[in-house]
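Subject: Model handover

Hello,

Please look through it first; my notes follow below.

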Amino acid sequence: MLQQRTFRRGGIHPPDKKRLTSRQPITACANPPTAVIPFSQHLGAPANPLISKGDVVMAGQKIGESSGFISAHIHTPVGGEVKEITSIFIPAGFSVPAAVIAVDEESAFQEEPRSAQELDSLTPEEMLSRVQEAGVAGMGGAAFPAHVKFKIPKGKHAEYLIINGVECEPYLNADNRLMLEHAEELLTGTEWIRRMTGAGRVVIGIEANKPEALAVMREACGRLGFPFTLTKLKVQYPQGDEKQLIEAVTGREVPSGGLPIDIGAVVSNVGTTFAVYEALAKGKPLFERVVTVSGEAIKQPMNLRTAVGTPFRQLIEQAGGFSEEPMKIVAGGPMMGFAVYDLDTPVMKGTSGILALTKKQVNDAVQTACISCGRCVRACPMGLQPTRLYHLIDYGRYEDAKASYLLDCKECGCCSYSCPAKIHLVQGMRLGKRMLRNVSS
Amino acid sequence: MSEGKTLIVGSSPQIRDADTTAGIMWHVSIALIPAGIWGVYLFGLRSLLVILISIAAAAAAEYGIARMLKRQTLADGSAVLTGLLIGYNMPPLVPLYIPVAASFFAIAVVKWAFGGLGANWMNPALAGRAFVFFSWTTGMNAWQMPRTWAGIDGASSATPLGTVQTGLFDVAGEGGTALSYLESISYAASGWGSSLADWFSGTVGLNVSAHTADLFIGAVPGSIGEVSALLLILGGVYLLYKRIITWEIPVSFLASFALLIWIFEGTLFSRGLFSGSVGFHLFSGGLILGAIFMATDMVTSPVTGRGMIIYGIGAGFLTFLIRLYGSLPEGVSLAIILMNIFVPIIDRYVQPKPYGFKKQKTGRNAA
């Protein structure tokens, strides 16, 4: 066995908890009676609403128009009457405009399959514009608009297209199940992204804790005759982060403040790749996604194909409800996801999981003094010194923190996770960054 | 909103590792227990009393001060660990007021005067030991003959290291070694040490002195918890396995010390370079206890791996200097305290290299 590739600095090994749902096939989540669809589900500017109260919309209709360079269209997965345009609080911590739609069960989206000839004749620009029209955004969490990412700037060249099948967050199996159940679609979608980006080499990175997915993808890749490399990666969080994945696969580092394309790499998440496939092959906008509903407090953990706008409550009920009292409900993975207090929070394009965690997993102990054990320094995948940064921020020395590379922190959570004194290091980093933004603006 | 239940919201990450500060302290304490039991076996129940009094004094000081500051810190286990280490650093027949003074000094002056756990810049247990060592020299030399030497003719209660250091005045220029000097004065060796030495020369084919074997097992006079290199190393392996400590400090400390001893120790006996008695020096005195359990104190050691190596090498070098050329028989605690002073400087200049600042080789793997 060859030595498995991974990234060099830091990294942690939280219990992966994948088994709770790794063998649960993707099943459909019932549509809610009322869907709440936020107009900002992605990084960047919110979309402008195209509908108003009283309108009747069709499933799949575009209801929000992208409003800037980094922005994506919003489509409704359900048909029905628009009850109101309101403002809701989303897990990321701010308010966004949202459409409340009374769901009409009769209205269903009609797929428009495209012929292979038609698809083969498309130019990269035409493909990009169809992806843009379908509102595809990165589905790994940050939801960066896909057409922006796949459009290679002038003067740059994509040497590598890396498909991110790492799914390093504990509990989550949405990408794993997509690879197991939709390998051919994923590989086809990968080939289309390769054409859009003009990438020279394609590498699909999958962590060693998903051997079945790796085997299925490898088999399908051979069958379809794609010259893609499938790489088995050593299990280590946060390998699913672009920067660590690029380092693991190519040995290169994305320059501080730069983008992957600066070193010739483009990364696409498995969920995003699947959305690209559906957009091009079926004319289907991104309005639903696979959500892993899991955690020790969920009665029957499962993977649900869920319409955007479905409240968390609906998914949790479909998964049998709570088996015990949860201490935290998390949108996304436990390392970078957001704790929510409202079960009416809707699923969005970036909601990879809904987790109900008990006291035992949360390990929320009283904060004690830093004993300089250095675990955070050893854990940081960016090679920063979280304890030092935290102290600087604590003393209000934000510029000094910046000089100690605060802005290279991406809040992956390795430091806070490993801190035995239970210091909220990531929270400190966020505060420091926010203070720096306030000072400079 | 959530069905009447209480949900916690807060910054990511939403899960934390189960390890806590108190957990770390208790693990270190557990790792020390075998060496302590051995010490009590060697020197009798009075040594257990010394250990318990040290712990009680440290805990009382911690509780009292924390109470004055309206805080609760006893449960973090650090004061108990400090007391335990102080007890281990006491000679068995020490007058009981000495460990009480050491523990009190460690907790009140060295730790709390700077703000409590995490804020002290010097290892409290070592500072407490150094304080009483220079205050009550006679009491701190109250050695006792170990149980393993009972009935051996001419056995004394002087430690092997102290005996050799004192004897150096007689042997200078003779061309012997530390071990041959111990032979020449008929220094005692236990039956255990002799058997182990025989096993080494017979089965393994390595010539090991019975004195070195005694030091390794810990069948010699010395401080209560420092004598058994073997049990302390086992404790260290436990801490490494539990990922409480990392290899850098113990290994760089012991390796640099061993290297320097090998190069220079022979010159004390006029034998020239590269002929030092490495085994004798590694296993004698408080070196193993210091390198595994005291130098690794997280509060007073560097945070980066490279910093730890520099710190360990410094401690090894200073221990070597004090032990060979100083007027004291033992230099481990002073060496570590001196290196504690350098920790902020080491942490300032030895920093990890952040991701994304490397010169990129473009075109490698070009398609």
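How many helices and strands does the secondary structure of chain A come to? There are 15 helices and 17 strands in chain A; helices (H or I, at least four residues) and strands (E, at least two) are DSSP runs, numbered from the N terminus.

This is a predicted model, in which local features need pLDDT of at least 70, side-chain atom pairs count only at pLDDT 80 or more, and totals for chains, interfaces and linings use all residues. Residues are numbered from 1 along each chain as its sequence is written, while chains are lettered from A and ligands numbered from 1 in the order in which they are written.

Confidence

The model scores ipTM 0.90 and pTM 0.91. For chain B the average pLDDT (the predictor's confidence in each residue, from 0 to 100) is 91, and 95% of the residues score at least 70. Residues 363-367 of chain B have a pLDDT below 50, and this stretch has 5 contacts in the model beyond near neighbours in sequence. Two residues are in contact if their C-beta atoms, placed from the backbone, lie within 7 Å. Where pLDDT is low, the predicted coordinates should not be read in detail.

Overall form of chain A

The radius of gyration of chain A is 21 Å, which agrees with the value near 22 Å that a compact globule of 441 residues would have. That radius is taken over C-alpha atoms, and the globule rule is 2.2 Å times the number of residues to the power 0.38. The C-alpha trace of chain A spans about 60 × 45 × 45 Å along its principal axes. Of the contacts in chain A with a separation of 6 or more, 73% are between residues 24 or more positions apart.

Buried residues make up 58% of the 441 residues in chain A. A residue is buried if 20 or more other C-beta atoms lie within 10 Å of its own, exposed if 12 or fewer, and partly exposed in between, with C-beta atoms placed from the backbone.

Cores

The largest nonpolar core has 144 residues, and I162(A) and V276(A) touch the most other members. Such a core is a set of buried Ala, Val, Leu, Ile, Met, Phe, Trp, Tyr and Cys residues joined through C-beta atoms within 7 Å. Helix 8 (residues 270-282) of chain A gives this core its largest share, 7 residues. Beyond four places in sequence, the contacts of V276(A) include V131(A), A146(A) and W192(A). Another core, of 97 residues, lies apart from it and has F105(B) and I261(B) among its members.

A sheet in chain A

An open, antiparallel sheet of chain A has 4 strands in the order 2-8-7-4. Strands pair if DSSP finds at least two bridges between them. Strand 2 and strand 4 (56-57) of chain A are the edge strands, each pairing on one side only. Strand 2 (residues 34-38) of chain A is largely enclosed by the rest of the structure, because 4 of its 5 residues are buried. It is joined to strand 8 (residues 94-103) of chain A by 5 bridges. In this pairing A35(A) stands opposite I101(A), and P38(A) stands opposite A98(A).

Interface

In the contact between the chains, 63 residues of chain A meet 40 residues of chain B. Helix 15 (425-440) of chain A is one of the elements that each supply at least two residues to the side of chain A that touches chain B. The residues of that side divide into 32 nonpolar, 17 polar and 14 charged. Here Ala, Val, Leu, Ile, Met, Phe, Trp, Tyr, Cys and Pro count as nonpolar, Asp, Glu, Lys and Arg as charged, and the others, Gly among them, as polar.

Regards
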